[in-house]
Amino acid sequence: MSIAVAPEVAAALARGGAVVALESTIICHGMPYPMNLQTAVEVEAVVRDSGAIPATIAILGGVPHVGLSSEQLKRLAISGRQFQKTATRDIAHVVASGGNGATTVSATMFFAHKVGIPIFVTGGIGGVHRHGEQTMDISSDLTELGKTPVAVISAGVKSILDIPRTLEYLETQGVTVAAYRTNEFPAFFTEISGCQVPCRVDSPEECAKIIHANKNLDLGSGILIAVPIPTQDAASGNIIESAIQKALKEAEYSQDLHF
């Protein structure tokens with residue numbers, strides 16, 4: 001597979017510099033224009049200000065790109081949902097058909113690993129959906145974490161998901177799960193989920209040591225490091241859970257009306 005790696009990304013990788021992978025689904029499917037473009041530019045700026053090179057990943061005209069120009073970022077932002085939401089299962093089809101794809105967590109991990117980027121930062125990963133034991137609705141993000149040695153830094157999994165079952169599934173996949181400066185797994189919008197983590201890290205150095213050990217041992221699986229949302233930006237866990245339960249009941253009621 002031919003992958004177009006941006007010159008500054010290729011140069012950084014060649015000299016052993018820091019590169020951070022970023023997904024593109026949030027740009028095309030997560031926010032309206034121009035907020036999505038502004039957010040994408042700001043996130044890349046944060047990465048640069050921290051001394052690393054950002055590598056936003058997407059598929060353009062059937063060609064996977066690792067690292068996008070400002071013009072390409074703008075194209076994604078304006079095109080929005082015209083770009084196919086692309087998980088690992090969709091990569092072959094989007095590439096073969098010459099399509100445009102906005103990569104999810106799983107696809108971003110895949111391409112990051114292909115070119116040698118060990119770190120990927122995102123907002124929240126997918127997981128096991130509520131009632132997943134009946135529907136088997138489990139995000140491919142979790143299986144990708146089980147087979148692709150990339151460290152994913154996120155604010156946890158999305159609050160609407162079944163967090164305890166998600167953590168159980170990650171254990172089954174052999175994924176190291178750590179939380180940053182807390183003993184509790186964060187829940188995206190909130191700092192707490194009621195679920196304890198098996199591993200706590202309190203500094204960037206500790207994170208680096210785990211990533212280094214995972215690579216040296218050739219475990220073959222990824223790492224999930226969950227960083228809680230800052231306290232001043234966090235929503236009340238009770239309010240979020242109450243809203244989710246209300247939405248689930250409304251969805252069940254609506255479904256019953258159609259039977």
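Predicted model: local features only at pLDDT ≥ 70, side-chain atom pairs only at ≥ 80, totals over all residues.

User: Why is α6 called roughly parallel to α8?

Analyst: Helices here are DSSP runs (H or I, at least four residues), and strands are E runs of at least two, both numbered from the N terminus. Helix α6 covers residues 105-115 and helix α8 residues 140-147; they pack at an angle of about 25°, and their axes are 8 Å apart. Axes are lines fitted to C-alpha atoms, for helices over the stretch in contact, and angles run from 0 to 180 degrees between N-to-C directions. Angles under 35 degrees count as roughly parallel, over 145 as roughly antiparallel, 65 to 115 as roughly perpendicular and the rest as oblique. The angle of about 25° therefore makes α6 roughly parallel to α8.

User: Which residues in α6 and α8 meet, and what are their classes?

Analyst: Contact means heavy atoms within 4.5 Å. On the α6 side the residues are V105, S106, M109 and F110, and on the α8 side S140, D141, E144 and L145. By class, this contact has four nonpolar, two polar and two charged residues. The classes are nonpolar (Ala, Val, Leu, Ile, Met, Phe, Trp, Tyr, Cys and Pro), charged (Asp, Glu, Lys and Arg) and polar (the others, Gly among them).

User: What makes a set of residues a nonpolar core, and which members of the largest one touch the most others?

Analyst: A nonpolar core is a set of buried Ala, Val, Leu, Ile, Met, Phe, Trp, Tyr and Cys residues joined through side-chain atoms within 4.5 Å. The largest nonpolar core has 40 residues, of which V9, V66, I117, I125, L170, F185 and L224 touch the most other members. Helix α6 supplies the largest share of this core, six residues. A second, separate core has twelve residues, including A58, L60, L73 and F83. As for L224, its contacts beyond four places in sequence include I125, V152, L170 and F185.

User: Why is C28 counted as buried?

Analyst: Buried means under 20% relative accessible area, exposed over 50%, and partly exposed in between (1.4 Å probe, protein chains only). C28 has 3% relative accessibility and therefore counts as buried. C195, at 11% relative accessibility, likewise counts as buried.

User: How do you know that C195 is too far from the closest cysteine sulfur for a bond?

Analyst: A disulfide is a pair of cysteine sulfur atoms within 2.5 Å. The closest cysteine sulfur to that of C195 is in C199, and the separation is 16 Å, so it is too far for a bond. The structure holds zero disulfides.

User: Which residues of helix α4 are buried, and what covers them?

Analyst: In helix α4 (residues 70-79), the buried residues are L73, L76, A77 and S79. Their cover includes α2 (25-30), α3 (35-49) and β3 (53-60). Just after α4, G80 takes a positive phi of about 55°.

User: Is M136 buried or exposed, and how is F188 classed?

Analyst: M136, in the loop between α7 (132-135) and α8, has a relative accessible area of 60% and is therefore exposed. F188 lies in the loop between β9 (176-180) and β10 (199-201) and also has a positive phi, of about 70°, although it is not a glycine. With 23% relative accessibility, F188 counts as partly exposed.

User: Why is G124 called buried, and what does it touch?

Analyst: G124 is placed in the loop between β7 (119-121) and α7. Its relative accessibility is 7%, so G124 counts as buried. Not counting residues up to four places away in sequence, G124 touches V105, S154, G156, K158 and F188.

Conventions: Residues numbered from 1 in each chain as written. Heavy atoms only, no water.
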